[in-house]
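Student: Could you take me on a close look at one helix and the way its neighbours pack against it? I would like one connected account, please.

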Amino acid sequence: MIMGKFQLITKGLIKENPTFVLLLGMCPTLATTTSAINGMSMGLATLFVLVLSNMAISATAPYIPDKVRIPAYIVIIAAFVTILQFIMQAFTPDIYKTLGLFIPLIVVNCIVLGRAEAFANKNSVVDSACDGLGIGLGFTIALTILGLVRELLGSGSAFGHKFISGDGILVFVLAPGAFMALAYLIVLFKKVTAKKGE
Amino acid sequence: MAVQSSFKNMTLCLFAVCIVSSALLAAVYAVTKEPIEVAEHAKTINAIAQVVPEFDGEPVSDTIEVAGKKYPYYAVSKAGQPAGYAVTVSASGYGGALTLMVGVTADRVIYNTTVLSQSETPGLGAKCTEPEFADQFRNWNPAEKVLKVRKDGGDVDAITASTITSRAYSLAVETAVTVYDAIVAENNKGE
C-alpha cells in the first residue's frame, strides 16, 4: 500500500493524532499547556525534532545493526534536541525560559522514538519527513487547542490578550485543570471523528 | 531488514553515530555561543535598568558576603557619582525560591523591584510579579516603613490568600536593604 504524501501528512492530524488518538507524549502535553503560546511553542519544538530525526534515522537505518538501533536512534534524537536548545536559548530566550525543563525532555518523548521505530526505519527519507511533519503538526495543533482552552477558562485571555479583568477559573491553569480539559477535548474529538466515519 | 549484528559493526556504528552527532553539536554550539551570551547580557541589563534610576556606562558587577551568604550586585553611577545598587536576593516562597532584583538608590530608598524567577502558584502567589503588588515597593523608604506584611505588624499589603509569598517578597527586599548597608559600609571603609 503506497499512500500519497498528502495522506501521510493528514493522517497525523486526525486519524493518528498523537494527543487525541494515540495518547502519546502526555507529559509535555499536560505540563506545558498553561497558555496557547506555550502549547504552540512546545508543539513546534517537537515538530522540529520529529522531522529532522525522522529524516536522519530513515537515511541511516539500513546501516545500523539491529541490536544497537535504539541507542543509535536516541543519540541522533538527543543531538537534534540539543541543537534546538542552543538555538532557542540564543534567539527566543523568553520561550526557552518558560518551557525550560521540557525541551531536553523531548529526547524521551515517546512520539519521537515511536515514529522512528514504527515508521522512519522502514520508509524513505521523503516519506519519513512527511510523516514527521504530519504527526508534529497534529501534536502542535492539539497542544495549541488545549493551551487555548486552559488559557480562556483559567485566565480569561487568548494568546496573551486579556478579555476579562481579574481571574478566570484558576484550576484550569493548574495541573488538575490540564487533565479535565484534555479529557473533555478527547471526548469532543472522538464524537466529531466518529460522525465523520459513518 | 538491517545489517546483521556483530560485535565489530555494532561498536563501529555507535562510534560513528556519536562522532557525527558531537561534531554537529560542536558546530552549532560555536555558532550560537555569541548570540546566547548577548541575550543573557541583555536580560541582565534590562533587569538592572528596571530597578535603578537612570545611569550611564556599564553596571559594575561584584559580590559581597553578608552573614555568611554571598550576594551578587551591580553598582551603577551617573556622571561619576554612584546612583544606586541593584542587588540579587532570594527568599523561599510557597513553591520554591523567589529571586528578586532590588534597586536601592544612593540615598537608601528602594527605587523598584523585579522578579527574576519564581515558581509560585499561578493566579495566587504568582501575582507578586504584577504591578498591583510589586508597585508598592517603589520609592519605599525602609527608614519610615517596615518591610513586613500587615499581619506581622509591617506596612506591606499582602496578596490575598498568598501570605507566604508576600512574606518571602518582603523578606527578600529587607535582605536587599541589609546587603545595601553592607556595601555602603565597605565602600566607606575603603576610602
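Tutor: Happy to. We will need one term for handedness: a crossing is right-handed if the near helix is turned clockwise from the far one by less than a right angle, and left-handed if anticlockwise. Please keep in mind that this is a predicted model.

Let us settle on α3(A) and begin with its partner α7(A). The axes of these two helices come within 8 Å and cross at roughly 165 degrees. Angles over 145 degrees count as roughly antiparallel, and therefore α3(A) is roughly antiparallel to α7(A). The crossing of α3(A) and α7(A) is right-handed. As for the residues in this contact, 18 are nonpolar, twelve are polar and two are charged.

Now turn to α4(A). Here the axes of α3(A) and α4(A) lie 9 Å apart, and the helices pack at an angle of about 140 degrees. That angle makes α3(A) oblique to α4(A). This crossing, of α3(A) with α4(A), is right-handed too. From α3(A), the contact draws on A45(A), F48(A), V49(A), L52(A), S53(A), A56(A) and I57(A). Facing them from α4(A) are Y73(A), I76(A), I77(A), F80(A), V81(A) and L84(A). By class, the contact of α3(A) with α4(A) has twelve nonpolar residues, one polar residue and no charged ones.

Leaving aside residues up to four places away in sequence, F80(A) touches V49(A), L52(A) and S53(A).

Some of these names come back in the wider picture. The largest nonpolar core has 50 residues, and V49(A), I76(A), F80(A) and L84(A) touch the most other members. Among the helices that each supply at least two residues of this core are α3 (36-60), α4 (69-91) and α7 (125-155) of chain A, as well as α1 (7-51) of chain B. There is also a second, separate core of 40 residues, including F133(B), A168(B), V173(B) and Y180(B).

Chain B brings us to the contact between the chains, which takes 27 residues from chain A and 22 residues from chain B. On the side of chain A that touches chain B, α4(A) gives the largest share, 13 residues. That side of chain A divides into 20 nonpolar, three polar and four charged residues.

Notes. Residues are numbered from 1 along each chain as its sequence is written. Chains are lettered from A and ligands numbered from 1 in the order in which they are written. This is a predicted model: local features need pLDDT of at least 70, side-chain atom pairs count only at pLDDT 80 or more; totals for chains, interfaces and linings use all residues. A nonpolar core is a set of buried Ala, Val, Leu, Ile, Met, Phe, Trp, Tyr and Cys residues joined through C-beta atoms within 7 Å. A residue is buried if 20 or more other C-beta atoms lie within 10 Å of its own, exposed if 12 or fewer, and partly exposed in between; C-beta atoms are placed from the backbone. Helices (H or I, at least four residues) and strands (E, at least two) are DSSP runs, numbered from the N terminus. Two residues are in contact if their C-beta atoms, placed from the backbone, lie within 7 Å. Ala, Val, Leu, Ile, Met, Phe, Trp, Tyr, Cys and Pro count as nonpolar, Asp, Glu, Lys and Arg as charged, and the others, Gly among them, as polar. Axes are lines fitted to C-alpha atoms, for helices over the stretch in contact, and angles run from 0 to 180 degrees between N-to-C directions. Angles under 35 degrees count as roughly parallel, over 145 as roughly antiparallel, 65 to 115 as roughly perpendicular and the rest as oblique.
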